[in-house]
Amino acid sequence: MKGQVAYRWAAVAAGVGLLCAMPVIASALPASVPALTAGQLRGRILASARLSYAGYAESDAAFGLPSLPGLRDVTSLLDGVTKMRVWQAAPDRWRVDVLSDTGERDTYQLGRRSYIWDSGAQLLTEIRGRQTLRLPRAADLAPPTLAQRLLSETGRQARYSVAPALRVAGQAAAGLRVTPSDPASTIGHIDIWADPGSGLPLMVQIFARGSPSPALRSQFFQVSSWQPDKAVLTPQRGPGTGFTVTSAGNLSGALKNLAGMALPGQLAGRDQLPASQEYEPIGVYGGGLATFVVLGLRGVDGQRLITDALAAGGTALDLPGGGSGALISAPLLNAVIAQPPDPDTVVLLAGTVAMPVLEQAAAALFTEVGL
Amino acid sequence: MIGVELVKLVRRPRTWISLTLTCALPFVVAVFIAVTHLAPPPGQGSAFLYAVLANGALYPAAALALVLPVFLPVTTAVVAGDAIAGEAATGTLRYLLARPVGRTRLLLAKLISVTTYVVLVVVAVTVTAYATGVLLLGPSHAAAVGQSPADAGLAPTAGVAPGGAVTSLSGTPLSLLQLAERTAGAIAFIAVSMLGVAAIALFLSTVTSSALGATLGALAALVASEILVTLNAAAVIQPYLPTRYWLAWIDFFRDPIFWRNIDRGLGIQAVYVVVLLGAAWANFSTKDITA
Amino acid sequence: MITTRALSKRYGAIAAVRSVDLDVREGDRYGLLGPNGSGKTTLVRMLLGLVYATSGEIEVMGRRMPRHAREVLPQVGALIEEPAAYPHLSARANLALFDAAGPRRSAGRRGRSRRIDDALEQVGLAGVGRRPVKTYSLGMRQRLGLAAALIRRPRLLILDEPGNGLDPRGIRDLRELIIGLNSSGVTVFLSSHLLGEVEQLCTTVGVLDAGRLVLQDELAALRAPTGQILLDTPDADQVCAMLNGQVEQRDGQRLLIRHADPAGLNARLVGAGLRVHAIGPHRRTLEEVVLAVTGTGSDHIGGRS
């Protein structure tokens, strides 16, 4: 019987070993992709924007931002895992569901109209009008959207190289590494893996400078090309649900109390981007992977932001000329919230640039512009 | 032998007592909600409970969400933990084996018996919950039944009237037929989810001669798994945890149905059943029966 | 019916059964004697395939066990230590379940119902078969256990301590039942620590001591005349004088004399005018036989290692 016992347990152990090894074997399958230069791959990725696809993606972000009241929707997106179902028929016709264990928050884009369904509130909201300014949302984190935005904004201000191929969502994916050329960028490099044939981005990893693990990883776990289905892309109302219509301008939430400011054309040696000049309260400076925004917040809201930032682990800041404020430093993102001696307006500077650049910009705002 | 085990299951008072108690919990909840008209707001409390006042037809789903975290695993672990250890403790195990009943056959018969029990409980909960939901809670929107979701809710223009019988998690209307199909899917998925627990308890039941020990062991494994599932640091092993995809039955009520986690949930349960039944077989079929 | 060769069982460092060569022939009423802890139960469980031997071979009805359990065990009825039943079910329901378990028999439901009736009748539970077993007394449960062993009309009965829990009347019923079954062709193998029970019931005796089978023989052979005569006489002194040298032991009026022919001795004593209360060939009791081979008294555990 001794031998029998051993043989039976050996059979069970072999079975367990095989089952446990299956995922490992599956992910270790060689990913062979055709030889593409970095430029070719970048071109294919940029050309993939019109593809129709459906899939399931997760983004895992570790920006290490303090959780700021009023910005919780954004900070939760940038810290922790966001689970998304994505259907895209065209760049302006898509649907992204953000899944939680017992509910979901769905965004539909139908041409110029968009809808948000919130299962917690049982409310379908229609948004009319173009949003010139909005906070980041989950749909921005889907690998294709994120990768295409990063590549199109980076332009020539980065070096491109080939990264080793990987298997993502069961497919062989060709890798592209983007390294910013501006030494002031907080971004070390960005890795994008895409289907070598269609160019559809399957995974994006953003590394902070000097960090071995990505601050943001967005990855498909399941994706395939998709025959657009109107029933999926069209929001429908079930019984007992609410419906409202709102215009895009009302949606900015935390951004609604912006103070208009006369912004200089150059800050800390960086030019204001022309695209941002049409929307007055906000200035975007730099470009590519070293960009920062400047905006002014009115009165009480701004002061509360400083208090919250200090309470959430920010560092106190003193500026020349009697200004004060707070610094928030996260691996990928730095922010300065500064209050001039005249307490009516608070200035927020945030971006993927090194802290000295932001401090310099804040000081320049106060001294040169005379806020 | 399977027939014998089913007869034992059916003629055992414990089966019917635990079944009644499990069905009683959703009933009590329904009575309170019906009397006070206070359902938890959406996004709070147990899944789907917010919607049952508006539509009692959704109560089976809410009832499943109520019994899934504790009642179902506990009763399953009790029945499965008792399977071999209980027979050993009363001494009937040695008489069954001397009949002779093959040991592998006995294990399989026990697993089938436990599975039958789980299905019985889940179906009973669903049926009683549907009855209580329709009788005590909101009426179902009978008028909207048969309206196809396409013409009911297509909303390129704002403010179209809602249609369908109930609302899916994605906000879309579902007809009663769709609701029935999806509830059936959820029932099947939950029943399969319990098989992992059953397999753990059944394996432990072949190891110890204490039914209580086997039951508590299986529950301890479940609690450990539940804790690890919520722990981000344990993400590496989470796909292997038996409770990782337990909540995936909710995905039946998304629109379109989200199959990924459902498939994985079925897969992981199959793996647990195969591995633990294999371990139970390896242990039990060569074990000296001294009890 | 049952043969084992060099059958041994170790539990870790403890040897429960050591190289036992059992030989139970068809038609035997075989009694396995031994103190508690001598390995009886382990031996019985090995015969039934419940406990796996460490080494050695077992044949039951000419087939190797436990490999051929499926063919052998349906023809074996067994009582293994205490009886066991599902307490919330009636005796009839219990018997039906036990009968339905295991390999299918050609006998259908009707056959089963009749066999249940017969078995309950045989053990004297015919009137109470529909009561839940949890209301049964210890003796009734023992009878039910016997009924479960009998329900398949086995060719071989293996009974481990069958007298447990029975009152004197129950023990007499049991003895009659076993003798009756045996005379209709059923081989009986029973284990017991009660010498008297085995002595009254069995035709063959095996003695297990600290896991070893120290004795195995027919009862008749064990109890054959010893070549001595047991004499009870009021004239013990004179007898001793007359048979000087032949008296091996004296205990008051009782003398043990080395002599082959009781009738001849009686005639000689009476011829010499000596009075005789009783005279007969000397036979050893089973107790003496067992004590002689096991050395120390029962319940000793010193010999186990």
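Across the interface of chain A and chain B, the rule finds 1 salt bridge, a term used for a side-chain nitrogen of Lys or Arg within 4 Å of a carboxyl oxygen of Asp or Glu. The partners are R254(B) and E104(A), whose closest N and O atoms are 2.7 Å apart. The model is predicted, so to speak of local features pLDDT of at least 70 is needed, side-chain atom pairs count only at pLDDT 80 or more, and totals for chains, interfaces and linings use all residues. Residues are numbered from 1 along each chain as its sequence is written, chains are lettered from A and ligands numbered from 1 in the order in which they are written, and side-chain values use heavy atoms, with hydrogens and water left out.

Of the area that chain A buries against chain B, 19% is supplied by Q236(A), R237(A) and P239(A), more than by any other three residues. The rule also finds 11 residue pairs in polar contact across this interface, both residues at pLDDT 80 or more. A polar contact is a pair of N or O atoms within 3.5 Å; within protein, one must be able to donate a hydrogen and the other to accept it, and residues adjacent in sequence count only if both atoms are side-chain atoms. Helices (H or I, at least four residues) and strands (E, at least two) are DSSP runs, numbered from the N terminus.

An automatic or database domain assignment gives domain 1 (38-248) and domain 2 (260-369) of chain A. R270(A) and D182(A) meet through their side chains in a salt bridge (2.5 Å, N to O).

Chain C is divided into domain 1 (2-219) and domain 2 (228-282), and the C-alpha centres of these two domains lie 46 Å apart. Towards chain B, 33 residues of chain C are in contact with 28 residues of chain B. The area buried between chain C and chain B is about 2500 Å², and carbon and sulfur atoms give 58% of it. A salt bridge joins the side chains of D288(B) and K9(C) (2.6 Å, N to O), and 15 residue pairs are in polar contact across the interface, both at pLDDT 80 or more. The largest share of the side of chain C that touches chain B, 5 residues, comes from α3(C).

That helix, α3 (residues 91-100) of chain C, has 8 of its 10 residues buried, so it is largely enclosed by the rest of the structure. Buried means under 20% relative accessible area (1.4 Å probe, protein chains only). Among the buried residues of α3(C) are L95(C), L97(C) and F98(C). Just after α3(C), G102(C) takes a positive phi of about 90°.

Conventions. Buried area is the accessible area (1.4 Å probe) that two parts lose on being put together, summed over both. Buried means under 20% relative accessible area, exposed over 50%, partly exposed in between (1.4 Å probe, protein chains only). Contact means heavy atoms within 4.5 Å.
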